[in-house]
Amino acid sequence: MDAGEPNNADCFDDLTFWWLFFGMFYQQLKKRQRAIRYNSILTGDDRVTEFLHGHWERIFNRTRMSRDCFVRLSSIMEQTGRLTPSREVSVEEQLMIFLFVVGHGASNRDAQETWQRSGSTISKYFGIVLEAIFNMSGEYIRPSNMNNVHHTIRYNNRFFPYFQGCVGAIDGTHVSACVGGARADKFRGRKGDTSWNVLAACDFDLKFTYMLSGWEGSAHDARILQHAISEPQNGFPFPPPGKYYLVDSGYANRGCFLAPYRGTNYHLRDRRRLGGDRKKEQFNYRHASLRNAIERTFGIWKKRFPILRSMHQFPLDKQAMIPVACAVLHNFIRMDPASVAQDHVSGDEDEDDDDTSSEDDSVAAVPDGVDVGESSSQVNIPYDMDMGAFRDYVTNCIHEGTSG
């Protein structure tokens, strides 16, 4: 080799050196940028401590539940192994990140700034908590004792004994979907927005007893209900013999589903203006007043979790899980008297209510020592007849009771 020729080994060593140098420089630059970006005095863990020991309204506004309710939920999640703390993120912070996103409709960037965490960390723990809460649906979204008569019916003579076999109400509602491209057409509902059509049942404590999510917004409510009751894996909670759910006129009046008369008014102002079959209108009006529980439940649920009205760009499987997870949280919160009371204070109980009549919808207080499951009525309603005949029977009973 001539003395003037370059040594290939030396050139390779120089090139390797400069690659390593620039690689280390780039990594240090990224760390410096990250350090500058997340430079708040309060870390995510500090913020959790601040909310837990601050004014009750702060944690309620942040998590949509009372302090005690949040502590109880985080304890359950950790003790049952559904959530585990990592080296840097506690179970409380994981849960707060999730509640912040669903309870405020917050973006990933908003969560990064609030919790001083990277976008990948926010996404990671949002997904972990979402799956954990979704898997709690079998425990928290289920009916209570269907054999008892709920006090909403038992102590209101507008509903008792006529609807004493009613265990709840069923309806579908649209939840925002973030879908693009050719798939968007299947998700477009009647209003033109992309949405999920979610089927749900509730009781008269305004808690969900069933939810089926994952159908596109273009699907008809009746088709979704038929799928729910025909596929055993959907786990639909069929009521015992003689019991039934209230549904609107979009569903068939058959089986364990009691629907109103079609083509008949049910608002008092409509009856005064247009007249009509008074007996059927009386039935429809009381039916609508009682079935309004599902509309109120949807109203509270959507107001508490704004993400249901403005979905983020999650994968479709995660989007379908979010309504169910929010329903689990809704029921958990409804079990906490302090959170329900704070809902009244903050206005979250000012839900949509279709009952616009001037009739008294108040429910008498349950007397001490009275079992609301007992019935002393002498009205014998024959539950063994088909739903069409049963509806006519109830209609006649209501008319005789109001005209007598």
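**View 1. Glu 295 and Arg 291 are a pair within helix H12.** These two residues sit 4 residues apart, about one turn of the helix. (Helices, H or I, are DSSP runs of at least four residues, strands, E, are runs of at least two, and both are numbered from the N terminus.) Their side chains meet in a salt bridge at 3.6 Å, N to O. A salt bridge here means a side-chain nitrogen of Lys or Arg within 4 Å of a carboxyl oxygen of Asp or Glu. Which residues make up the network of salt bridges here? Asp 171, Arg 291 and Glu 295 are linked in it. Both Glu 295 and Arg 291 are buried. (Buried is under 20% relative accessible area, exposed is over 50%, and partly exposed is in between, with a 1.4 Å probe and protein chains only.)

A quick word on what you're looking at: this is a predicted model, where local features need pLDDT of at least 70 and side-chain atom pairs count only at pLDDT 80 or more, while totals for chains, interfaces and linings use all residues. Residues are numbered from 1 along each chain as its sequence is written, and side-chain values use heavy atoms, with hydrogens and water left out.

**View 2. Leu 290 is another residue of helix H12, which covers residues 278-304.** Is Leu 290 buried or exposed? Leu 290 counts as buried because its relative accessibility is 3%. Leaving aside residues up to four places away in sequence, Leu 290 touches several others, including Phe 159, Phe 163, Cys 166 and Phe 204. (Contact means heavy atoms within 4.5 Å.) Cys 166 is 124 residues away along the chain, yet the two C-alpha atoms are separated by 9.4 Å.

**View 3. An open sheet is built from 5 strands.** The order is E3-E2-E1-E4-E5, with mixed pairing. (Two strands pair if DSSP finds at least two bridges between them.) At the edges are strand E3 (208-216) and strand E5 (257-258), each pairing on one side only. E4 (residues 244-246) runs parallel to E5, joined by 2 bridges, and Tyr 245 stands opposite Phe 257 in E5. Helix H13 (residues 316-334) packs on the sheet and touches E1, E2 and E3. The direction of H13 makes about 165° with that of E3. H12 lies across E1, E2, E3, E4 and E5, at about 50° to E1. (Axes are lines fitted to C-alpha atoms, for helices over the stretch in contact, and angles run from 0 to 180 degrees between N-to-C directions.)

**View 4. Arg 72 and Asp 336 meet through their side chains in a salt bridge.** The N to O distance is 3.6 Å. Arg 72 belongs to helix H4 (residues 67-79) and Asp 336 to the loop between H13 and helix H14 (337-346), so this pair ties together parts 264 residues apart in sequence. Asp 336 is buried, at 6% relative accessible area, whereas Arg 72, at 36%, counts as partly exposed. A search of the whole structure finds 8 salt bridges.

**View 5. Glu 139 and Arg 82 form a salt bridge with their side chains.** The distance is 3.3 Å, N to O. Glu 139 lies in helix H8 (residues 137-140) and Arg 82 in the loop between H4 and helix H5 (91-104), so parts 57 residues apart in sequence are tied together. Glu 139 is partly exposed at 40%, and Arg 82 is partly exposed at 29%.
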